[in-house]
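This briefing covers the chains shown below, topic by topic. Please keep the sequence and the model at hand while reading.

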Amino acid sequence: MTPDTLSITLSALADPTRRAILARLRSGKATVGELAEPFDMSLPAISKHLRVLEKAALINRETEAQWRLCTLAPEPLEEIDRWLSRYREFWEQSLGRLGEYLDQPATEENEDG
Amino acid sequence: MAEAATGGMPDRVLHLVRHYPHPRERVFAAWTEPAQLVKWWGPKGVHIPHCQMDVRVDGSWETTMRNEDGREFFVSGRYLEITRPARLVFTWAWTSDGERGHETTVTVEFNEKRDGTELVLTQTLFETNESRDLHNEGWSSSLDCLAEHL
């Protein structure tokens, strides 16, 4: 996944309604109507959110009998988790170094605290 | 209400807790004074050839990290909240190929403990304007209830 794809995923996720839709899809396939149910929103508004999610490859749409069903596509989320783990590493190492730094005897630069 | 908005979907939040046997004024200073920050900022083997911090609300900060291979990484943001010595909130984004990437928000809480400081770091990957609005709605309706009760 290129960084650009990551940006698309992140901007698709930067909305609570879309995150809630994905949360709903974790428990299984759903129709647009079912997805719209918990929200005080029109079907076209929900469809717009679904298009954003589909573009970001976060959901797939399939037709089953006469129903168009949405399913969750986990790959972009896994990519975000990998991206996030790099942040975790950054902070874990930094906070470890912060501890070592604080444990040093005070020098001119840090004795004001 | 915020719970309903996120619906248990992990909001891609990073949460770390550390304990330092030092007064929180000292820990806070290590975050807000450039001369101190460059001593520990970044992963092992990294050093900071450039660090600029305008530590006030809406002030900007930026650091350049250089790793052992000489590669440089630029990260910047601005301060959203500074409550000395208890809380520091700032935005954060890497710049690569001249383009500033996705912005995240880092909240650092410095909690006073009998034997030092508990540091709680939270990094959220998404702007939470919408969820803030939901919180506000929650608050307004609680206040309405209170008004009714009175």
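**Structural briefing**

The model is predicted: local features need pLDDT of at least 70, side-chain atom pairs count only at pLDDT 80 or more, and totals for chains, interfaces and linings use all residues. Residues are numbered from 1 along each chain as its sequence is written, while chains are lettered from A and ligands numbered from 1 in the order in which they are written. Helices (H or I, at least four residues) and strands (E, at least two) are DSSP runs, numbered from the N terminus.

**Sheet of chain A**

- Chain A has an open sheet of three strands in the order β1-β3-β2, with antiparallel pairing; strands pair if DSSP finds at least two bridges between them.
- Its edge strands are β1 (30-31) and β2 (59-64) of chain A, each of which pairs on one side only.
- β1(A) and β3(A) (residues 67-72) run antiparallel and are joined by two bridges.
- Ala30(A) has Cys70(A) in β3(A) as its bridge partner.
- Helix α2(A) (residues 16-25) packs on this sheet and touches β1, β2 and β3 of chain A. Residues are in contact if their C-beta atoms, placed from the backbone, lie within 7 Å.
- The direction of α2(A) makes about 95° with that of β3(A); axes are lines fitted to C-alpha atoms, for helices over the stretch in contact, and angles run from 0 to 180 degrees between N-to-C directions.

**Nonpolar cores**

- A nonpolar core is a set of buried Ala, Val, Leu, Ile, Met, Phe, Trp, Tyr and Cys residues joined through C-beta atoms within 7 Å.
- A residue is buried if 20 or more other C-beta atoms lie within 10 Å of its own, exposed if 12 or fewer, and partly exposed in between, with C-beta atoms placed from the backbone.
- The largest core has 17 residues, and those with the most contacts inside it are Ala12(A), Ile21(A), Leu25(A), Leu53(A), Leu58(A), Ile59(A) and Cys70(A).
- At least two residues of this core come from each of α1 (3-13), α2, α3 (32-36) and α4 (43-55) of chain A. The most is given by α2(A), with four residues.
- Ile21(A) is in contact with Leu35(A), His49(A) and Leu53(A), leaving aside its neighbours within four places in sequence.
- A second, separate core has 15 residues, including Leu102(A), Val27(B), Leu37(B) and Trp41(B).

- The 13 residues of α4(A) should span 18 Å at 1.5 Å a residue, and its end C-alpha atoms are 18 Å apart, which agrees. The expected span is 1.5 Å times one less than the number of residues.
- His49(A), Leu50(A) and Leu53(A) are buried in α4(A). They cover an arc of only 100° around the axis, so they are on the same side of α4(A); the arc is that of the directions from the helix axis to the C-beta atoms.
- Pro44(A), Lys48(A), Arg51(A) and Lys55(A), on the other side of α4(A), are exposed.
- Ala57(A) lies in the loop between α4 and β2 of chain A. Ala57(A) has a positive phi of about 60° although it is not a glycine.
- With 16 other C-beta atoms within 10 Å, Ala57(A) is partly exposed.

**Chain B overall**

- Chain B has four helices and eight strands, in the pattern α-β-α-α-β-β-β-β-β-β-β-α along the sequence.
- Of the 150 residues in chain B, 19% are buried.
- Among contacts in chain B with a separation of 6 or more, 33% are between residues 24 or more positions apart.

**Strands and loops of chain B**

- Met53(B) stands opposite Trp61(B) in β3(B).
- The hairpin of β2(B) and β3(B) has six residues between the strands, and in it Asp58(B) takes a positive phi near 75°.
- Asp58(B) is not a glycine, and counts as exposed with 8 C-beta neighbours inside 10 Å.
- In a regular strand the side chains alternate between the two faces of the sheet. The covered face of β3(B) has Trp61(B), Thr63(B) and Met65(B), and the uncovered one has Ser60(B), Glu62(B), Thr64(B) and Arg66(B).
- Seven bridges join β3(B) to β4(B), which run antiparallel; Thr64(B) has Phe74(B) in β4(B) as its bridge partner.
- Five residues lie between the strands in the hairpin of β3(B) and β4(B), where Gly70(B) takes a positive phi near 85°.
- Pro85(B) is in the loop between β4 (72-83) and β5 (87-96) of chain B. The peptide bond from Arg84(B) to Pro85(B) is cis, with omega near -5°.

Note on methods:
Two residues are in contact if their C-beta atoms, placed from the backbone, lie within 7 Å.
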